[in-house]
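Visitor: I am new here and would like to learn how to read a structure. Could we take it step by step, please?

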Amino acid sequence: MKYTRTLILAVLILLVTACSGQKSTTVGSDAELEKRIEKLLSRMTLSEKIGQMNQVSAGGEISNYAEALRNGQIGSILNEVDPVKINEFQRICMEESRLGIPLLVGRDVIHGFHTIFPIPLGLAATFDPALVEEGARIASLEATAQGVRWTFSPMLDIARDPRWGRIAEGSGEDTYLDARMAEAMVRGYQGTVLDTTSMAACIKHFVGYGAAEGGRDYNSTFLTERQLRNIYLPPFEAAVKAGAMTLMTSFNDNDGVPSTGNTFILKDVLRDEWSFDGLVVTDWNSMGEMIAHGFGVDRKDVASKAVNAGVDMDMMTFGFISHLEELVASGAVKESVIDEAVRHILRVKFLLGLFEHPYVDVAQGQAVQYDQSHLEAARRTAEESAILLKNDGVLPLKADDIRTILVTGPMANAPHDQLGTWSFDGEKSHTITPLQALRERFPGKVIYVPGLRYSRENRDRFDDVVAAARRADVVLAFLGEEAILSGEAHCLADLNLIGSQSELLAALKAAGKPVVATVMAGRPLTIERDLPNCRAMVYAFHPGTMGGPALANILFGDVNPSGKTPVTFLRTVGQAPLYYAHNMTGRPYNGETLLAAIETEAGQTSLGNTSYYLDYGAYPLFPFGYGLSYTTFSYSGISLGQTVYRPDDILEVSFTLSNMGEREGTEVVQVYVRDLVGSITRPVKELKAFERVRLDAGESRSLTVRIPVSDLAFYGLDGVKKVETGDFQLWVAGDSASGEPVSFKVQ
Ligand code: GLC
């Protein structure tokens with residue numbers, strides 16, 4: 001009797017621990033949990049262990065997978081979001097398989113589930129981690145309510161080439177901003193305490209995928225270890241420290257080694273240096289693609305390379321399920337390697353409470369979708385992500401002065417495309433477009449003549465739209481690119497507004513009425529030639545379900561825009577790659593002679609030349625961190641607490657921020673630092689802090705930003721991460737190209 005009581009007590013403790021979602025110190029390493037893992041692992045056959053390492057895209061009929069589920073041959077499914085089907089998948093696992101191990105159900109919930117938020121590049125433009133975390137939490141509430149417990153997000157790929165279609169899916173060009181956004185999304189998806197509303201985050205694509213040569217997706221990268229450690233790895237490390245439970249390998253080969261078979265990044269860095277004990281999954285068939293890469297001879301070979309490099313789960317190559325037993329039998333793969341992979345998988349499943357709660361309440365799950373509070377958060381996020389690039393004073397529009405508004409352009413009423421790339425579960429029926437929002441706000445005042453019904457349509461309708469413009473008091477042109485023109489594999493070699501959109505804008509301007517352009521896109525397009533044809537331009541990286549109301553609020557001044565560019569805007573695609581945190585080079589550009597000033601038969605000289613383009617110079621159209629407001633801000637009294645610091649000091653920079661205008665506004669204060677001389681050359685500046693500061697009209701506020709001097713550490717010539725002594729400069733400004741530096745030393 002006594003034994004039974006003890007056993008019951010032990011089980012109760014286990015259940016309470018598991019259900020309470022008690023977060024252990026790292027992704028999952030408290031003693032009780034480890035005991036559960038070992039106990040289950042010890043009962044598993046080799047075949048069942050390998051089954052856990054097999055992920056299958058299961059959007060089809062359940063009957064196709066039922067036998068494999070009963071035999072424990074599938075550990076995870078992706079691309080099923082019907083809660084009834086997911087419950088049935090789980091029931092087969094829990095009730096008909098030998099060990100009753102629940103499935104891990106994954107989905108690309110990238111910027112919202114049903115309620116779609118701005119694409120991640122737009123999320124980054126908010127420079128508002130708290131808001132982005134709120135959005136990720138909402139995505140998790142909606143997705144987990146339908147049985148999805150794993151999202152293949154956040155994507156942390158730093159992108160410095162806007163030709164790359166997936167620039168849309170990440171947080172832009174900057175390491176520091178990327179890391180803050182990564183932490184926010186991991187916290188949002190997983191929650192501060194793991195429970196049934198938690199979705200395991202999946203940080204991807206590990207690593208360097210966004211540095212694809214030529215901005216062409218899946219292309220090779222050639223990043224040195226120092227570039228990896230100083231630029232591309234830090235956001236992943238930050239996300240691991242934030243508790244990210246899973247990670248996905250990338251398609252690219254870096255310096256000849258495909259990530260899915262790269263022991264250095266998957267073991268030396270991820271496991272040994274960062275102590276990551278979560279789950280590593282391949283990208284879709286990225287294991288199989290190592291054959292095409294020329295890194296393996298066949299599926300058995302690449303399966304062996306992947307598992308020995310540190311991959312735990314195979315997405316859609318079926319390499320593990322087909323060959324691992326044979327590879328273990330031959331000794332090419334040790335069973336201990338399989339055991340470690342399965343521990344990572346079981347750890348995530350136990351932590352998510354899937355053994356206790358494998359099912360969802362279907363009715364309750366429906367009630368959560370599109371909750372009013374979710375839509376309101378999506379609207380706020382779309383408002384904060386909008387970037388005011390140009391304004392001659394025409395914005396904010398004054399409704400009382402306007403009798404007729406012409407709404408035009410291919411993105412004015414594009415409910416599907418406004419959602420942007422990777423919005424699988426977004427439903428266009430719930431999208432509110434700018435046209436819908438403006439018609440609701442100004443009944444009877446809006447005329448809608450698209451001019452172009454889609455971006456690449458011919459100009460047959462231009463006469464109609466120009467005639468309509470002449471009848472209007474203001475023209476609101478919504479331009480850009482459809483969702484499919486960015487995203488995976490959708491790269492562009494020409495970044496001008498596609499089709500005849502620029503011609504449409506010019507024709508509208510010629511009609512003689514004020515034209516305000518709003519661009520919705522998945523990337524920074526080269527819009528320099530369009531700026532003269534509009535009095536103002538708002539840039540909205542595909543703003544999601546509530547993009548319409550958000551943009552209407554911006555254009556008519558209910559909301560003062562505060563978005564900042566998370567990526568450099570080029571003057572022309574030929575400047576790519578171009579980013580603010582570049583090295584100085586031995587011949588920094590100084591704004592010198594351009595093509596127009598070069599006379600014929602000019603003599604050649606090698607003296608005094610610098611690094612630039614004769615035709616476009618070397619400056620961007622808009623720098624990183626740039627964005628206007630309906631007011632103006634000034635920075636004054638920038639001073640450092642001291643001018644000499646030790647590596648373990650906290651640097652304090654104080655300044656006064658003033659709102660010089662007649663309306664409230666929010667400024668994204670940015671702090672950049674430059675290490676003037678190092679054991680290796682260092683960027684001309686790097687973002688080390690940012691903060692959104694809201695000021696009333698005329699308000700001035702004294703502020704202090706604190707930065708640990710240790711944040712200035714980098715991997716130098718000796719491969720050791722440290723702060724190097726010497727001279728530094730620091731800027732406090734509203735973008736990466738403004739402000740005057742103050743100096744300090746580290747000794
Ligand atoms: C895709 C993407 C990856 C995504 C996965 C599952 O190919 O590269 O980001 O999570 O497959 O859809």
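Guide: Let us begin with contact, which means heavy atoms within 4.5 Å. This is a predicted model, where local features need pLDDT of at least 70, side-chain atom pairs count only at pLDDT 80 or more, and totals for chains, interfaces and linings use all residues. Residues are numbered from 1 along each chain as its sequence is written, and side-chain values use heavy atoms, with hydrogens and water left out.

Visitor: Which residues does T246 touch, not counting residues up to four places away in sequence?

Guide: T246 touches W150, A200, A201, C202, I203, F276, L279 and V348, with that exclusion applied. You will find T246 in strand β6, residues 246-249; strands are DSSP runs of E, at least two residues long, and helices are runs of H or I with at least four, both numbered from the N terminus.

Visitor: Is T246 buried or exposed?

Guide: Buried means under 20% relative accessible area, exposed over 50%, and partly exposed in between, using a 1.4 Å probe and protein chains only. T246 counts as buried because its relative accessibility is 0%. A polar atom of its side chain lies 2.7 Å from the backbone oxygen of A201.

Visitor: How do I read a helix, and which residues of α19 are buried?

Guide: An α-helix has 3.6 residues a turn, so residues three or four places apart point the same way. In α19, residues 462-471, the buried ones are F462, V465, V466, A468 and A469. Seen down the axis of α19, these fall within an arc of 160 degrees, so they line one face of the helix; the arc is that of the directions from the helix axis to the C-beta atoms. On the other side of α19, D463, R470 and R471 are exposed.

Visitor: What covers the buried residues of α19?

Guide: The cover includes strands β12 (405-408), β13 (446-448) and β14 (474-480), together with helix α20 (501-510).

Visitor: Which residues come nearest to the ligand?

Guide: A residue is near a molecule if one of its heavy atoms lies within 4 Å of it. Of the 13 residues around the ligand, D108, R166, K204, H205 and D283 come nearest. A polar side-chain atom of D108 is 2.5 Å from a ligand oxygen, and for E488 the distance to an oxygen atom of the ligand is 3.1 Å. Taken alone, the ligand exposes 310 Å², of which the protein buries 93%; such accessible areas come from the Shrake-Rupley method with a 1.4 Å probe.

Conventions
Polar contact = N/O pair within 3.5 Å; in protein donor to acceptor, adjacent residues only side chain to side chain.
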